[in-house]
Structures are given as structure tokens and as C-alpha cells.
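Subject: Structure handover

Hello,

Here is the structure we talked about. Please open it and keep it beside this email while you read.

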Amino acid sequence: MIIVGADGSRTGLEAVGWAAAEAELRNSPLTIAYAVPKWVSEDTAVQHYAEVARWMRDGAHSVLDAARDRARREWPQVLVEGMLVPGDPRSALIRMSEGGALLVVGSRGIGGVRGLLVGSVAHGVAAHARTDVVLVHETPASPRGEIVAGADGSPGAERALEFAFTEAALRGARVRAVRAWAWPQAGGFEAASPERERDTVGALEESLAEHRKRHPGVQVVAEVVRGHPMEVLKEAAVRADLLVVGSRGHGQLAGMLIGSISQALLHHAPCPLAVVRG
């Protein structure tokens, strides 16, 4: 099951459209979730607030109806269900994610603070969801035929590569596996020596070998690029349908739920971003 959060915002509707397309690719049902306070979701509000609760439920059902209409109009074969869920949107979607194969959210909802590039709900579910998360900023007007994956050699990146290859096989797209090869030092980044660069290329090709075997029909482009990983991946994804990263890569601090590169890309990815659980 694919779960998508709806809130009536434009990016929320974009997320619904993306999730419906993904459900069609995976032959999966789609659940559209709208979170309301618990006292609103249950018809037990004290009389003084009963009318307010009914008004809020009516508004929530209108949002769900609009989201269902979009999903069914664009992908009529997908089985779509709308659901009111009680609680704060972050906690409600995180709770629902335990039963889903994928959780999809828009980058910023109606309640987003002006000037923020990604909302608190999107940031919260990316860090705490129990399944893989796709964050939708904008969706390409037409398919570009490429999935970009960050490949730093970490266990999280291995999962990201598998996610990317699976998506590429479903879409008939190619995978561009990208590894940055500059290393931090005081005052900036140090370019790798020719020997270290060759080692990096070899390590990337080695990490791709098993994925190529499992997905022999997927075209693969392997790139090592000098620069900061966030900037390198952001640039590579400009022409992509989807950017895929692990939730935590090499060099992340112990105890962090989501790594610094993944966090930065939540704000700056130029296409839908998949954060794959490590």
C-alpha cells in the first residue's frame, strides 16, 4: 500500500498525483490520508464545539474528495481510498507508515511558514517514518527517463541503489549512480589523487555489480564527480524524474535519524526526492 498525505495545498495535490502514478506502476492500492484533531475525527465533541467539529470534518472530506478525484482522473485503474486520521499530521502519518510500502508527502503544506523551503510535516516524516518516504516539490511536466541515486558506499546508499534500480525497471528509465570524490579539509575541499580517484571509480562499479545482475534490463550511468555531495547530487538531479538517497550515509553522527546530506536535499532537491530507510 502507498500512503499519501493530503492537506488541500498545491504541493499536497502534486504529491497525490505522484503517489497515484507510483501506485499504478507498482499495481498497489493508494490511501490518501488527511489528519484532523482527535476531537474533530470523533463525533463526540461537547455540544459547544460540535458545530465546529462538523464544519472541520466537512472541510476535510472536501479535501479528500478533491484528492481522490485527481488520483482517479489521472490513473483510473488505481484503487483509491480516502481516510481521516486523528492526531497531529506528523504523528498520524508516521503511525500510518508502519503499514505502508511507501509514504508520499508534499514539501510544504497550507500551514507552512513563509520562507521555509520544506515544511515541518515533511521534515518530520522524512526523519521518523517507518518506511521509505518520497517528498514532492514539483513533478516534471513529462518523464525524463532517469533516476539519480547517491552512491557513497554506505549501507544506506546500497538500499537507495536498489530502490533506484527497481524504480527504473518499473519506469523503463536509466539509473545515474553518482558519487562525490572530494574530501573535506580545513578551508575547503581537497581533490582526490589520481590513485584515490581510480579507487573511487572501482568501488562505485563494484557496488553496482549486484544491482546490474538483479536488473539486467536497466541502463546504468556511473559517475564520480568532484564536489560537495549535496551540490553534486542537486546538479545531477536537475534532469531527473526522481532523486534517491539513503537516510544516513558515511560520516554521519551516531544517533542522527537522517543525515546532513539527506536533510539538505529535503530543501534543495530539484525533483521528487526519495529518502530510503537504512
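First, the ground rules. This is a predicted model, so local features need pLDDT of at least 70, side-chain atom pairs count only at pLDDT 80 or more, and totals for chains, interfaces and linings use all residues. Residues are numbered from 1 along each chain as its sequence is written, and side-chain values use heavy atoms, with hydrogens and water left out.

**The sheet**

Helices (H or I, at least four residues) and strands (E, at least two) are DSSP runs, numbered from the N terminus. Two strands pair if DSSP finds at least two bridges between them. Ten strands form an open sheet with mixed pairing. Their order is β3-β2-β1-β4-β5-β12-β11-β6-β7-β10. Which strands stand at the edges? They are β3 (80-86) and β10 (220-225). Each has a single partner strand, so one side of each lacks a neighbour in the sheet. On average, neighbouring strands are turned by 25° against each other, direction ignored. Axes here are lines fitted to C-alpha atoms, for helices over the stretch in contact, and angles run from 0 to 180 degrees between N-to-C directions.

Now some pairs. Strand β1 (residues 2-5) runs parallel to β2 (residues 30-36), with four bridges. Val4 faces Ile32 of β2 across that pair. β4 (residues 102-106) and β5 (residues 133-136) are also parallel, again over four bridges. There, Leu103 stands opposite Val133. On β5, the pairing with β12 is antiparallel, over three bridges. Leu135 sits opposite Leu273 of β12.

Check the side chains too. Buried means under 20% relative accessible area, exposed over 50%, and partly exposed in between (1.4 Å probe, protein chains only). From β1, Ile2 and Val4 point one way, Ile3 and Gly5 the other, and all are buried. From β5, Val133 and Leu135 point one way, Val134 and Val136 the other, and all are buried.

**The cores**

A nonpolar core is a set of buried Ala, Val, Leu, Ile, Met, Phe, Trp, Tyr and Cys residues joined through side-chain atoms within 4.5 Å. The largest has 45 residues. Val4, Ile32, Val104 and Val134 are among those with the most contacts inside it. Apart from it lies another core, of 32 residues, including Ile94 and Val105.

Contact means heavy atoms within 4.5 Å. Beyond its neighbours within four places in sequence, Val104 touches residues including Val4, Trp18 and Val134.

**The helices**

Helix α1 (residues 10-26) lies across β1, β2, β4, β5 and β11 (242-246). Its direction is at about 155° to β4. Helix α6 (residues 155-171) packs on the sheet too, at about 155° to β11.

How do α1 and α6 cross? Their axes come within 10 Å and cross at roughly 80°. They are therefore roughly perpendicular (65 to 115 degrees). Trp18, Glu22, Leu25 and Arg26 of α1 meet Phe163, Glu167, Leu170 and Arg171 of α6.

**One residue to look up**

Val121 is in helix α5 (residues 120-128). Is it buried or partly exposed? Val121 counts as partly exposed, because its relative accessibility is 28%. Pro89 is 32 residues away in sequence, yet the C-alpha atoms of Val121 and Pro89 are 6.6 Å apart. Leaving aside neighbours within four places in sequence, Val121 is in contact with Pro89, Arg90 and Leu93.

Best wishes

Terms used. Parallel < 35°, antiparallel > 145°, perpendicular 65-115°, else oblique.
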